[in-house]
Amino acid sequence: VDDGDKLESDSISNQRTLIQNYLQQHDGEDEIVVVKELVDDGFTGTNFDRPGFQELLKLIDSGKVNCIIAKDLSRIGRDFSGVLRYIERTFPQKDVRVILLNDDYDSNSSNSDILTIRLKSFINDIYPADTSKSVRANLSAKMRDGQCISAFAPYGYCKVLGNRNQLMIDEFAGMIVQDIFQLKLKGYSLNGIAEILNIRKILPPLAYKHANGVK
């Protein structure tokens, strides 16, 4: 997942280190030449339309790549049927070697256990669904407890300093929200209300947040 405040997630950096160490240890053994490093930071593994993965397929189709090295099977994807389609059919048909370091899998090795790979792929498929269910349950519990779970406070409110799950009224923006309601009750249209706010030089919500230092 994308960490938001970082150029790259820690998971990606750790994977890169793992693969680079493997390449150094096997330098000259397998005649592996690095063509390109492909990264899908912030994209779900349940979707094969990830830009990095799609570029990988294009490199394979163009004949520029005949070997894939990844940390483990979950880096290829987390969709059970999709992963097996690539591992068991697509890549072998295109003579592409697959090396999965933490799964101790090398498609060129006769010792590689395809049944274990299938089981791991099944587990990888279950994991995001189970995680999603847990996350939803946790968020629901927070909402029932009266906590705010949105990343940003809605216009008219602000987050309590030191407690991102608690809202407090933004005095200035709160007055604008009340004015909007009063104008609507008086029969003004949305465009009419917007025109009045523009005349009063009231910043739109996003511009107001930026003016107050919210990224």
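The model is predicted, so local features need pLDDT of at least 70, side-chain atom pairs count only at pLDDT 80 or more, and totals for chains, interfaces and linings use all residues. Residues are numbered from 1 along each chain as its sequence is written, and side-chain values use heavy atoms, with hydrogens and water left out.

Isoleucine 149 lies in the loop between α5 (114–144) and β4 (157–160); helices (H or I, at least four residues) and strands (E, at least two) are DSSP runs, numbered from the N terminus. Its relative accessible area is 34%, so isoleucine 149 is partly exposed. Here buried means under 20% relative accessible area, exposed over 50%, and partly exposed in between (1.4 Å probe, protein chains only).

Another isoleucine, isoleucine 169, belongs to strand β5 (residues 163–169). Isoleucine 169 is exposed because its relative accessible area is 56%. Apart from neighbours within four places in sequence, isoleucine 169 is in contact with Gly156, Tyr157, Cys158 and Gly174, where contact means heavy atoms within 4.5 Å. Between the C-alpha atoms of isoleucine 169 and tyrosine 155, 14 residues apart along the chain, the separation is 9.3 Å.

Helix α7 (residues 190–199) has Gly192, Ile193 and Leu197 as its buried residues. They are on the same side of α7 because they cover an arc of only 135 degrees around the axis, the arc being that of the directions from the helix axis to the C-beta atoms. Asn191, Glu195, Asn198 and Ile199 are exposed on the other side of α7. The cover over the buried residues of α7 includes α6 (171–185). After α7 comes lysine 201, with a positive phi near 60 degrees.
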